[in-house]
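Reader: Let us read this model together. Take me through it feature by feature, with the rule for each.

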Amino acid sequence: MDGREGPLAASLRFRLSLWISTAILIGAAIAGLVSYRAATDDAHRSQDTQLRQVGYLVSRLDAVPTSPRTREKAGDVDFDARIIVRFIAAPGTAVAAQERPPRFAPSLPDGLQTVAVGRETWRVFVRTNTKGVRVAVAQQTAVRDAAARANAWRTVMPILFLGPVLVLLVMLLVRAMFQPLQKLAAQLGARRAHEVGELDRAALPSEVWPFVTEINKLIARTVRALAQQRRFIADAAHELRSPMTAMSLQAERLAASAMPDEARERLGTLSAGLARTRILLDQLLTLARTQESGSDQLTQVPLKKAIQECLEDLVPLAEAKAIDLGVVGEADPRVSGRPVDIRILVKNLVDNAIRYTPEGGRVDISVQESGGSVVLDIDDTGAGIAPAERERVFDPFYRVLGNGEIGSGLGLAITASIAHQIGAAISLGEKPDGTSGLRARVVFPAS
């Protein structure tokens, strides 16, 4: 045993249902047993009363029937309860012995009693009237017990049937009582990263309110901590931009000066490092802005216009590498988002496609509507990304080795953050025509 409980044992709903159901079943069993005993005793008392009534009725005879045939006829009293009547000879009478069994001894006293006759047991009521006629009204105990059990079972059956029904009802009620908690869990699971509002406790049981209150306090503390972290990154990146810009200008001026080849080579390395650092600072500021704008109101943004604005900035980069850059199709749908974020998303994907496509390659941008959603595809003819790394490239600062391009590894992380905030799905995959390259696909939700 490792001390860990299974999911059912750890479930409060399961344990509550189990204990209540067990209590109901135990209570039903006890009630059924008590009812069975009480019904059996009542049946026996009713049978004794019946014997007395028959005995009083028959004892009204003034004398014992003298004919054996008459006595035999008088002794067959059957009320579906197999009651028999026998005349017992009293001392000093001329009555012959009883013709048919069971034969009861003349010494039986008056009243109710249980008598063993041979291998059978009988419940007998004996009465002597004023004329000295002795009457024995009897019923076999096996018949009495069978009738009593049948009557008791009819009494207990509703209780036995009600027990499982109550158990099922308890399970349904407990499930219904926990339904608000399940809905709350589903709402928390469906929240996006930027949705940090407090939980509403109005529909929850009052016993859960302290937990909800503490969770709301935890959310508030987390929001403040994240805001401070983002603000620190943005402030640090902003403060570093000025000295980095000054260093870049000094490097450009230094490059215009006469210097040995070795010094110029080292200056080129320094300039590349400064350029990479400036790109990193710009992307850190962009990431901070996109995360801060997560709670802003979404609007309807024309996707084609956002693509055109991005192409105006990226066409020079494509022309420098002789890359055929264009938009396929005439669709112009609108997507939910913030205009700045949509432009950043498109620009990062197209910029990556241009940078990682060799000279003379091709980058195609296509937009289509499918099933109420808007699909943006960006296909390039570059080397592509290995399937094992297509998910990792969305992690901050992760870069594919060996591509030789200057970057910080934040571009796709920014793109994934924006897509997550607006509810879009972004993926990298093979091109449908089977040629070399990569397809970046963004599926925007229906407006």
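Reader: Are arginine 439 and aspartate 377 buried or exposed?

Author: Buried means under 20% relative accessible area, exposed over 50%, and partly exposed in between (1.4 Å probe, protein chains only). In this predicted model, both arginine 439 and aspartate 377 are buried.

Reader: What joins the side chains of arginine 439 and aspartate 377?

Author: A salt bridge needs a side-chain nitrogen of Lys or Arg within 4 Å of a carboxyl oxygen of Asp or Glu. Here the side chains of arginine 439 and aspartate 377 form one, at 3.6 Å from N to O. This pair links distant parts of the chain: arginine 439 lies in strand β11 (residues 438-444) and aspartate 377 in strand β9 (residues 373-380), 62 residues apart. Asp377, Asp379, Arg439 and Arg441 are linked in a salt-bridge network.

Reader: How are helices and strands assigned?

Author: They are DSSP runs, numbered from the N terminus: helices are H or I with at least four residues, strands E with at least two. The protein has 9 helices and 11 strands.

Reader: Why are arginine 355 and aspartate 351 separated by about one helical turn?

Author: Because they sit 4 residues apart in helix α8 (residues 339-355). Arginine 355 is partly exposed at 27%, whereas aspartate 351 is buried at 15% relative accessibility.

Reader: Which residues does arginine 123 touch?

Author: Contact means heavy atoms within 4.5 Å. Not counting residues up to four places away in sequence, arginine 123 touches several residues, among them Asp48, Leu112, Val137 and Arg144. Arginine 123 belongs to strand β3 (residues 120-128). It counts as buried because its relative accessibility is 18%.

Reader: Where should I be careful with pLDDT?

Author: pLDDT is the predictor's confidence in each residue, from 0 to 100. Where it is low, the predicted coordinates should not be read in detail. Here pLDDT stays under 50 over residues 94-98, for which the model has 8 contacts beyond four places in sequence. The protein's mean pLDDT is 78, and 83% of its residues reach 70 or more.

Reader: What conventions apply to numbering and values?

Author: Residues are numbered from 1 along each chain as its sequence is written, and side-chain values use heavy atoms, leaving out hydrogens and water. Local features need pLDDT of at least 70 and side-chain atom pairs count only at pLDDT 80 or more, while totals for chains, interfaces and linings use all residues.
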